[in-house]
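Subject: Structure for you to look at

Hello,

Here is the structure I said I would pass on. My notes on its cavities follow below.

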Amino acid sequence: MRPSLLWGLSLTLTMLSLSAANPARSQTSMPQPQRSPQPSQTNTGFDPSRILDLINLLGGSRNSQPEQQVDLSPDIAEIRGQISRLYFLLARQYAAQNQLPEACNALEKGYNAELEGYLRKRLRSRQPDSNDCYASEVKRISQLTGSPTALIYVTTSKGGLELIAIPPSKPTRPAGLFPRTRIGTKSLEEKVGLPFLDQSFLVQSNDNNGTPVRKVAYNVTTEQVDRVIFDFRNNLQDARSYDFLPQSQQLYDWIIRPIEPELEKAQVKTIVFVMNGNLRVVPPAAFHDGQRYLIEKYAVTSIPSWQLTQPNRPDRTLTPQILAMGLSESVEGLSPLPATKVEVETIASKVLVGKNFLNQDFTKDNLRSQLSNQKFGIVHLATHAKFLSESPQKSFIQFWGDRLQMSQMSQMNLVTDLLTLSACETALGQNLGLAGLAVDSGATSVLASLWEVSDAGTAPLMIRFYQGLPTAPSKALALQEAQLAFLHGEVTLANNQIKGIKGFPNIPFSIDARGIDLKHPYFWSSFTLVGNWL
């Protein structure tokens, strides 16, 4: 791709962003949203048809090989990334015209194109476009799991923070299960230096359950959200302090508070987030309403996009075979992880059924060999890893004497229901690493951490998670149960033992755990579930 064309595209995108950044506050509802024809321009900003024309011009060969996964050149990958920005603009314009199904489909295409640009691969969609923002799928999954589920798109831009929420239909219990607690406006302004924005949300909705709901805060920009996210992450990683609470409450007020009435009315128990930018690297589980954490109300999970996710539930009556591998010794200058030995051996022989390999046996060749000889429902890797925002070429999983680059993941044949990366970390930034791993590894879901976690705190969390997994309605609910066991003080570290694992005697744990309080969200909120949460 010639530099002049890329420069021209960047200029065009800038002009479109300026045109679409501040749509009129008086929204126009379309009398009959159409699924295919291009809408005409309204008073809501830039004409969506012009954005569609540019997308079609740049992506004319997008569907030339729809059934294949094709590697892209760097220039073409960059174009895919630019096209994603156009789709996000298109979604905003559709949403401003109250064409929410079209907006959801545009968001889906935007996230898919963004991941294609990051991975330098064309990805095959697993789900078609939807005419109801996947409300029928949300209803199906809610009934399947017995846990009313809501799908929430959260996007930030220069034009503001926008939510599209799809609650489940036909709640089975009376509304009002969770009390609402407001946070003082003045105190929030003093604590985080940002206005309390609840009243600035403009609403487009329908009172019927299962109908998509849109809410917008025009005066919340990406820069403001990023500032709060940066402070939130930094403060949350200090296990001796609760200085993260002001930011945690602000994020709750931006992302959860505006749609809380719909969540309560539908008796939601599980929230599935699709988020952009730096919102991908914060744990929604640790959002706080002033009295309780979000995890005390809902199980939470993230997906790269609905179209790149297969939300199918495995047979929970079958105990999954687990392949557990890891490093307890120091390699290549990285710190040792002494708790890994207890973690890997316990989950593979006492909690679940499977095989375990440590240190010298934790090699890429051995992983390939084990996967080729046997089908495992879970692959658990307790090691160092980094998933950077810049590119998959710089992201890796550490093995004994070698590293597995994320760009090599698709070659490992990791066809499994759950890939767990224990004691890993990701870098702050608009991180696509975990989303890319969930899409490109072959695993239908990935459980991994958002920062460098405590070795001593990770082992009991993993053991508690796997202990509840076989009987849990979903992986998301199993993770919630483990997190709550930490938060409520059921699982503790004392006298060189892990105590409080349901159904287990105290587990010997000769790791220095002095000063560790597992109730702090530093220990329980870092792990996030990405992909198929069922």
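A cavity here is a set of points, on a 1 Å grid over the protein atoms alone, where a 1.4 Å probe fits but cannot get out; its lining residues have an atom within 4 Å of a point. Grid points are joined across faces, edges and corners, and a volume is the space filled by probe spheres set on the points.

The model is predicted: local features need pLDDT of at least 70, side-chain atom pairs count only at pLDDT 80 or more, and totals for chains, interfaces and linings use all residues. Residues are numbered from 1 along each chain as its sequence is written, and side-chain values use heavy atoms, without hydrogens and water.

The largest cavity holds about 240 Å³ of space. Its lining has 20 residues, and Arg280, Ser302, Ile303, Ala435 and Val530 lie nearest the centre. By class these are 15 nonpolar, three polar and two charged (nonpolar: Ala, Val, Leu, Ile, Met, Phe, Trp, Tyr, Cys and Pro; charged: Asp, Glu, Lys and Arg; polar: the others, Gly among them). Helix H4 (100–119) gives the most to this lining, with three residues.

The second largest cavity holds about 70 Å³. Among the residues lining it are Pro283, Pro284, Ser302, Gln483 and Phe527. Its lining has seven nonpolar, five polar and no charged residues.

Helices (H or I, at least four residues) and strands (E, at least two) are DSSP runs, numbered from the N terminus.

Regards

Technical notes
1 Å grid on protein atoms, 1.4 Å probe; cavity = no way out; pocket = protein on both sides within 12 Å on 5 of 7 lines; lining within 4 Å.
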